[in-house]
Amino acid sequence: MAKKIMRQVIYFTCLLIFATLVSFFLIEISPIDPVSAFARSKGMGLTPEIRQKLIKDWGLDLPFINRYLIWLSHLIKGDFGISTIYDRPVIEILKRGFKSSIILMTFAWVLQGVAGLFLGIIAGTNENSFKDKLIKLYAVIMVSTPQFWVGMLMIIIFSIKLNIFPASMGSPIGVLEQDVTLGDKVYHMILPGITLALVGISNIVLHTRQKAIDIMNSEYVLYAYSRGIGRKRIIGKYALKNMILPGLTIQFTNFSELFSGTILVESVFNYPGLGSLTVESGLRGDAPLLLGLVLFSVIFVYVGNRLCDFLYTFLDPRIRGQYED
């Protein structure tokens, strides 16, 4: 057990180093100019003398690998750098964006997981029925539908036409931050959260449906039928755990798609969070903030996959035995 944990720690460390190195290199060869971005954010003139001073102060005249090692050494100490457009520590900006995004992502993640597993099991245990065809049609359509288009459609229907939910922002316009209630935040979160979930449900439905069909046609289920065991008891007691395993895997590995989908949805709804920060830092050339967001996304996805492995140990005795060795 200790060896497996140590191996995962080593893998995680190597993953972080590789991801940050590649991201650092991509920013290096990109047209992003952190000096110009800093000058634009400050509204200051950028004379050759000021440019050269900033380049020297920030170490931009050093070789690429030296700058990466310096950045990595600061990262180990918990220093993510200073945002060039906000002129504040990156870690503070990430914490602020994380508070807004984590509620939205959690709401969408739970909704798509519960609904996806439920619909997938309903479809798979009623193969070729009207319910199965209807659920499959929905999943096939939504799996190929862009999230930003779904978001715009939701705004048109529920904000403009029906006037049920607000079309944008994470809180009422004109209200001070300290006066915004939890109910206001939830109210503004519902529409973007449902938009994220509507698309995310489709993959879970399709995988769970196929697994449910395979299980319902398996030998042990047919044997249970031959012994006179009822259908509901077979599904609930013998087949349910196996049915949800593929959907559970998709649910946790979907963290990367959820994070990328959040970027699009938050842009459509103008929702303040990590997605909006990613778009703004990319458009305005904020390299330190971009690197911080990349690091956060890697950790986010990795933790999701490890949580999936942890839950598998409870659902599948074979995997539990491997961890106990």
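**The whole chain**

Start at the N terminus and follow the elements in order: α-α-α-α-α-α-α-α-α-α-α-α-α-α. The protein has 14 helices and zero strands. Keep in mind that this is a predicted model.

Now colour the protein by burial. Of its 325 residues, 40% count as buried. Residues 24 or more positions apart account for 73% of them.

**Stop 1: helix α8**

Select residues 182-216. This is helix α8. How many Å does α8 span between its end C-alpha atoms? The span is only 44 Å. A straight helix of 35 residues would span 51 Å, at 1.5 Å a residue.

Now zoom in on I190. A kink of about 40 degrees lies here in α8. Then select P192. The kink comes shortly before this proline.

**Stop 2: where α5 meets α10**

Hide the rest and show two helices: α5, residues 90-124, and α10, residues 231-253. They pack at an angle of about 145 degrees. Their axes are 10 Å apart. Is the crossing of α5 and α10 right-handed or left-handed? It is right-handed.

Show the side chains at the contact:

- From α5, select W109, V110, Q112, G113, L117 and I121.
- From α10, select L240, M243, I244, G247, L248, Q251 and F252.

Now colour these residues by class. The contact of α5 with α10 has nine nonpolar and four polar residues. No charged residues take part in this contact.

**Stop 3: N163**

Leave the helix pair and move to the loop between α7 (147-161) and α8. Select N163 in that loop. Check its backbone: phi is near 55 degrees. That is a positive value in a residue other than glycine. Most residues other than glycine have a negative phi.

Is N163 buried or exposed? The relative accessible area of N163 is 64%, so this residue is exposed. The cut-off for exposed is over 50%.

**Stop 4: N270**

Go on to the loop between α11 (255-269) and α12 (274-283). N270 lies here. What is the phi of N270? It is about 55 degrees, a positive value, although N270 is not a glycine.

N270 has 45% relative accessibility, so it counts as partly exposed.

Note on methods. Residues numbered from 1 in each chain as written. Predicted model: local features only at pLDDT ≥ 70, side-chain atom pairs only at ≥ 80, totals over all residues. Heavy atoms only, no water. Helix = DSSP H or I, 4+ residues; strand = E, 2+ residues; numbered from the N terminus. Expected span 1.5 Å × (residues − 1). Bend = angle between axes of the 7 residues up to and from the residue. Axes fitted to C-alpha atoms, helices over the stretch in contact; angles between N-to-C directions. Left-handed = near helix turned anticlockwise from the far one by under 90°. Contact = heavy atoms within 4.5 Å. Nonpolar A, V, L, I, M, F, W, Y, C, P; charged D, E, K, R; others polar. Buried < 20%, exposed > 50% of the residue type's maximum accessible area, 1.4 Å probe, protein only.
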